[in-house]
Amino acid sequence: MATSPGVSFVVPVYNKAPYLKDVLAAIRDQVGDFEREYIFIDDGSTDGSIELIQELTLNWANVIIHRQENHGSAHATNQGIARASMSFVKFVDADDLLGVHAQGMLLEALRGNEKACLAYGAEIHYQPGEPLPDLTAVTQPGECRVISEPLWPALRNSMFNPTQFLARTDALRRAGGCDERIVHSQEYSLTLRLARLGDFISIAAPVAYRPATVP
């Protein structure tokens, strides 16, 4: 599949209705001069998530909503990758928030290094029920670090969750996507596969805001 310059936001969803209004608002408000599309993979939700996504994205351009029976997060993520038509994929867990400058910072870091297949930033946890963090506060990436031969650090620890990283679409496809035999922690198998293809770039700035506890 040919890709266009820009970013495909890929959001696998399974029973995340309480979080979707804020999650989608943060995606919608991303700052930056880049083409974008939005891909939502509903993995058999039963809580009205799909209807809420349809309602909240009614006036958005370039939206793809795919509904399927429950197959797990790895399969849902791969379905999103398969549908991406942009040069970069920004994954977002359906209960995480993106800082509004997150995509722009990651894209700038990745565009500056053709040997790198992905860029990732830090994360901050917040307490559900308390006021949401200020998603506009962080505007600069801080220290930018290239991780050459990242397979060893990736094997030692999970380096990031999906909302923390941006990847090149062609690298995701060359890697074969997530290993669907691993139903949970889909980003770990994907990280290991990508680590064999190129450098990783780490920026110091937080890009993802995650609830400290999720039912």
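The backbone oxygen of Met86 lies 2.7 Å from a polar atom in the side chain of Thr169, and Thr169 itself belongs to helix H6, which spans residues 169-175. Because its relative accessibility is 1%, Thr169 counts as buried. This is a predicted model, and the points below take up strand pairing, salt bridges, cysteines and the surface in turn.

**Strand E9 and its partners**

- Strand E9, made of residues 199-211, is mostly covered, with 11 of its 13 residues buried.
- Strand E6 (residues 116-126) runs parallel to E9 and is joined to it by nine bridges; within this pairing, His125 has Arg210 of E9 as its bridge partner.
- Strand E7 (residues 144-147) runs antiparallel to E9, with four bridges between them, and here Val146 stands opposite Ile201 in E9.
- Strand E5 (residues 97-98) also pairs with E9 in the antiparallel sense, over two bridges, and the bridge partner of Leu98 in E9 is Ala208.

**Salt bridges**

- The structure holds eight salt bridges, including one between Asp96 and Arg210, whose closest N and O atoms are 3.8 Å apart.
- That pair links distant parts of the chain, since Asp96 sits in the loop between strand E4 (86-91) and E5 while Arg210 sits in strand E9, 114 residues apart.
- Asp96 counts as buried because its relative accessibility is 2%, whereas Arg210, at 25% relative accessibility, counts as partly exposed.
- Salt bridges that share partners join Asp42, Glu51 and Arg67 into one network.
- Within that network, the side chains of Asp42 and Arg67 meet in a salt bridge with an N to O distance of 4.0 Å.
- Asp42 in strand E2 (residues 36-43) and Arg67 in strand E3 are 25 residues apart, and their pair links distant parts of the chain.
- Asp42 has a relative accessibility of 1% and therefore counts as buried, while Arg67, with a relative accessible area of 48%, is partly exposed.
- Another salt bridge connects Arg28 with Asp29, with the closest N and O atoms 2.9 Å apart; Arg28 is partly exposed at 45% relative accessibility, and Asp29 is partly exposed with a relative accessible area of 37%.

**Cysteines**

- The structure holds zero disulfides.

**Surface and loop residues**

- Leu151, Trp152 and Leu155 form a nonpolar patch on the surface, and together they have about 320 Å² of accessible area.
- One of these residues, Leu151, is placed in helix H5 (residues 151-156) and counts as partly exposed because its relative accessibility is 32%.
- Glu69 is found in the loop between strand E3 (63-68) and helix H3 (73-83), and it counts as exposed because its relative accessibility is 63%.
- Although Glu69 and Gly44 are 25 residues apart in sequence, they are 4.5 Å apart in space, C-alpha to C-alpha.

Methods:
Residues are numbered from 1 along each chain as its sequence is written. This is a predicted model: local features need pLDDT of at least 70, side-chain atom pairs count only at pLDDT 80 or more; totals for chains, interfaces and linings use all residues. Side-chain values use heavy atoms; hydrogens and water are left out. Buried means under 20% relative accessible area, exposed over 50%, partly exposed in between (1.4 Å probe, protein chains only). A polar contact is a pair of N or O atoms within 3.5 Å; within protein, one must be able to donate a hydrogen and the other to accept it, and residues adjacent in sequence count only if both atoms are side-chain atoms. Two strands pair if DSSP finds at least two bridges between them. Patches are made of residues with over 30% relative accessible area and no salt bridge: like charges are joined within 9 Å, nonpolar side chains (Val, Leu, Ile, Met, Phe, Trp, Tyr) within 5 Å. Accessible areas come from the Shrake-Rupley method with a 1.4 Å probe; for residues, only the protein chains shown count as cover. A disulfide is a pair of cysteine sulfur atoms within 2.5 Å.
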